[in-house]
Amino acid sequence: MANRREVPGIRQYDAPAGGWGALKATAEAVRDQMASVKAPITLLRTNQPDGFDCPGCAWPDKEHRSTFQFCENGAKAVTWEATSKRVTPDFFQENTVSQLLKKSDYELEDRGRLTHPLVYDRATDKFKAVAWDDAFARIGEILRGLSPEQVDFYTSGRASNEAAYLFQLLAREYGTNNFPDCSNMCHEPTSVGLPKSIGIGKGTVSLDDFDHCELIISIGHNPGTNHPRMMGTLHEAARRGVPIIVFNPLRERALERFADPQNWLEMASYGSTPIASTYFQVAGGGDAAALTGIIKLLLDMEDIQGNVLDHDFINTHTEGFDAFAAGIKSTSWADIEKASGLTRDDLDKVAVAYAKSNATIITYGMGVTQHNKGTANVRLIADLLLLRGNIGKSGAGICPLRGHSNVQGNRTVGITEKPSESFLQGMENVFGFKLPRHHGRDAVRTMQAMIDGSSKALLCLGGNFAVALPDSGQSFPAMEKLDLSVHVGTKLNRSHLLVAKETYLFPCLGRTELDVQESGTQSITVEDSMSMVHASAGKLEPASEYLRSEPAIVAGIAQAALPGSKVPWKELVADYDRIRDLIARTVPGFDDFNKRIRSPGGFRLPLPPTERKWPTATGKAIFSVYGEVQEDADLLGGEHVFRLITLRSHDQYNTTIYALDDRYRGVFGRRDVLFMNEDDLAVCGIEHGDLVDIETSVSGRKLRLEKITAIAYNIARGSVGAYYPEANVLVPLDYFDKESGTPSYKSVPVQVMRHPVEN
């Protein structure tokens with residue numbers, strides 16, 4: 001450390017996660033974005049029964065009463081949306097699209113809230129204001145001239161249940177199941193893998209389970225940044241002595257020690273609480289091997305001493321155990337250790353702790369799912385829990401950590417390219433028209449269709465579609481080949497600027513804003529990561545009188561595109577209770593929807609596995625067979641070949657970048673860095689602070705990212721990290737999990753080389 005050269009913007013950060021650093025960052029975000037009088041009132045309404053749901057993460061609320069229940073990144077999400085900055089038509093008259101494309105993603109969004117509906121004018125290379133009805137009419141005309149299979153409907157996780165339900169209804173009445181959505185790029189392995197294991201693609205735990213668990217195993221996530229309200233839950237568990245075992249390639253500060261800004265005794269003493277009792281730096285892409293090793297040890301312990309596995313549970317509630325166990329036992333320790341980057345002794349410590357625990361929760365994030373074996377990873381986690389009956393009992397279960405605040409709800413109300421027959425039949429019974437049966441396109445296949453020209457139009461309900469996807473060298477030009485693109489959003493982003501032959505940009509209300517329709521003030525609903533559905537109602541005056549709600553925008557497009565529609569679009573938007581009545585009639589679990597969301601905290605959707613009921617084809621939970629650890633180990637061969645992990649900074653949420661700092665990792669004012677293990681730097685002949693080039697090492701096209709600064713960091717050997725979305729240029733579009741379609745953002749083989757010295 002002492003001999004390292006100084007690198008601009010790189011310095012050690014020694015404070016705990018949370019604490020005074022979080023309060024200072026919150027104050028700075030408020031000062032930069034909002035009026036000082038309005039900000040405290042707005043923040044106090046976050047996650048309250050009569051307020052609005054945080055537009056950030058999907059972690060649930062433990063107490064539905066007036067407490068200061070928001071976190072640093074939640075405050076950033078709120079102030080980013082409730083900003084006083086505005087992007088008016090005058091801004092676009094002063095800036096061409098070509099000029100704006102030279103701005104960074106941070107600069108684009110930091111300009112503020114969009115105020116008017118806009119249409120791209122190719123003659124001037126500028127956006128200009130357009131009347132809502134004129135825009136809808138032209139979009140409807142174009143859609144009526146296209147085949148349904150030429151059109152794709154993208155949904156961001158920020159959309160409400162009501163907006164998402166109308167959006168899927170529009171697309172299906174139009175005639176397509178082409179639903180690329182943000183789930184395809186994050187937790188699709190959960191949506192695909194868990195139904196095969198336990199019959200439902202959702203987690204099984206509640207917040208109460210964290211109060212009764214005896215062990216938490218945390219795999220592949222960084223809660224301090226990506227689901228920060230979870231830190232309060234982990235903080236409580238750690239303080240009552242629950243072991244928390246972490247698997248993560250990087251040493252993340254929030255998983256090491258945390259100071260709760262709402263614990264004034266801890267704050268006053270400048271103290272902190274250790275979070276992880278044990279921290280294992282698994283290799284990028286090595287999760288399946290690590291899980292296989294733990295299970296192999298448990299099977300060995302059972303053979304030697306007995307009373308390790310829950311045989312009553314296995315015999316009564318599961319099938320496939322014998323084939324599963326045989327596959328695990330045949331896997332060699334050499335392959336497990338090489339692929340996981342961990343030793344047998346490391347994994348034995350986990351197996352012993354797990355065998356002692358009577359109630360274990362396993363939490364996981366995109367470090368598990370964003371791999372070409374993501375679905376297998378999820379199923380192995382389920383397998384590990386099934387071995388000791390840790391699903392369907394208090395204090396135990398599986399906890400996938402969804403990112404955006406309603407990404408799970410969108411899927412629940414029909415945003416899926418693979419609809420079930422029962423869902424389609426229920427829709428037909430209510431609406432009286434035939435719905436398409438064939439599976440549609442997911443996010444990757446939509447982009448591939450745009451590249452080959454078979455997709456002609458893209459309608460985006462929020463999001464930053466092209467930037468979020470891999471392989472920007474192909475994805476960005478593909479957007480410009482479309483006949484039509486329509487974007488609904490609150491702020492300007494890069495995907496909006498990748499203009500098609502005709503492009504429309506529609507500004508919508510945010511979560512924090514009043515939504516007044518014909519029947520009065522409306523509320524929307526969202527579903528959190530633990531299947532709780534609750535209401536959200538904004539209180540702020542809208543950023544512009546020209547904004548419309550997402551349901552109103554969807555209905556406007558539908559009325560123009562489907563002039564003979566059987567759906568009463570105008571009446572539905574006049575009163576969102578009517579939308580919820582339709583959801584209750586067509587989606588299981590939403591009985592008495594309107595009544596139940598008017599209770600503080602809302603209600604929980606049915607989760608049969610919590611009652612040890614398994615909605616699989618056989619009525620039992622199903623063990624999987626994973627026999628690819630040797631293949632995983634072999635992929636790590638090659639000189640100077642590493643696994644690239646794309647990362648979000650602490651000042652970032654998905655593709656939204658709030659500022660250019662990554663405080664806990666010691667990066668300030670920049671994002672052009674590559675995190676490398678110090679030993680790996682030495683092997684490559686690279687020094688801390690050197691400029692490097694990165695190149696993919698998978699078959700096909702060679703993708704490169706040049707002139708990135710390599711910095712020494714506490715990351716697993718053989719793994720390197722770079723920021724998302726900038727590093728997406730290195731992720732091939734066709735390098736994804738074949739079961740789920742999720743891109744391998746966190747396990748792309750790359751080579752790192754010193755950048756040539758320029759004369």
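On a 1 Å grid over the protein atoms alone, a cavity is a set of points where a 1.4 Å probe fits but cannot get out. A pocket is an open set with protein on both sides within 12 Å along at least five of seven lines. Lining residues have an atom within 4 Å of a point. Grid points are joined across faces, edges and corners, and a volume is the space filled by probe spheres set on the points.

This is a predicted model, in which local features need pLDDT of at least 70 and side-chain atom pairs count only at pLDDT 80 or more, while totals for chains, interfaces and linings use all residues. Residues are numbered from 1 along each chain as its sequence is written, and side-chain values use heavy atoms, with hydrogens and water left out.

**Cavities and pocket**

Searching the whole structure gives nine cavities of 30 Å³ or more. Nonpolar here covers Ala, Val, Leu, Ile, Met, Phe, Trp, Tyr, Cys and Pro; charged covers Asp, Glu, Lys and Arg; the others, Gly among them, are polar.

| Space | Volume | Lining residues | Nonpolar / polar / charged |
|---|---|---|---|
| Largest cavity | about 690 Å³ | 35 residues | 15 nonpolar, 15 polar, five charged |
| Second largest cavity | about 360 Å³ | 30 residues | ten nonpolar, 14 polar, six charged |
| Largest pocket | about 1,000 Å³ | 29 residues | twelve nonpolar, eleven polar, six charged |

Start with the largest cavity. Ser156, His404, Asn654, Thr655 and Thr656 are the lining residues that lie nearest its centre. Two elements give two or more residues to this lining: helix 3 (72-81) and strand 16 (484-489). Helix 3 gives the most, with three residues. Helices (H or I, at least four residues) and strands (E, at least two) are DSSP runs, numbered from the N terminus.

Next comes the second largest cavity. Gly220, His221, Asn226, Gly367 and Lys746 are closest to the centre of the second largest cavity. Helix 20 (366-369) and strand 24 (641-647) are the elements that give two or more residues to its lining. Strand 24 gives the most, with three residues.

The largest pocket has Ile200, Gly201, Arg411, Thr412 and Ser420 nearest its centre. Its lining draws two or more residues from each of helix 9 (188-197), helix 22 (407-412) and helix 23 (421-431). Helix 9 gives the most, with five residues.

Two strands pair if DSSP finds at least two bridges between them.

Asp121 stands opposite Lys126, and Val119 has Lys128 as its bridge partner. The hairpin of these strands has four residues between them, and Asp125 takes a positive phi near 60 degrees.

**Aromatic pairs**

The whole structure holds 26 aromatic pairs. Phe153 and Tyr174 form one that is edge-to-face, at 6.2 Å centre to centre with 65 degrees between the planes. Phe153 sits in strand 6 and Tyr174 in helix 8 (residues 161-174), 21 residues apart. Rings of Phe, Tyr and Trp (its six-membered ring) pair if their centres lie within 6.5 Å; planes under 30 degrees apart count as stacked, over 60 as edge-to-face and the rest as tilted.

**Backbone exceptions**

Most residues other than glycine have a negative phi, and most peptide bonds are trans. Asn654 is not a glycine, yet has a positive phi of about 55 degrees. Asn654 is in the loop between strand 25 (652-653) and strand 26 (656-657). The peptide bond from Tyr724 to Pro725 is cis, with omega near 5 degrees. Pro725 is in the loop between strand 30 (719-723) and strand 31 (748-754).
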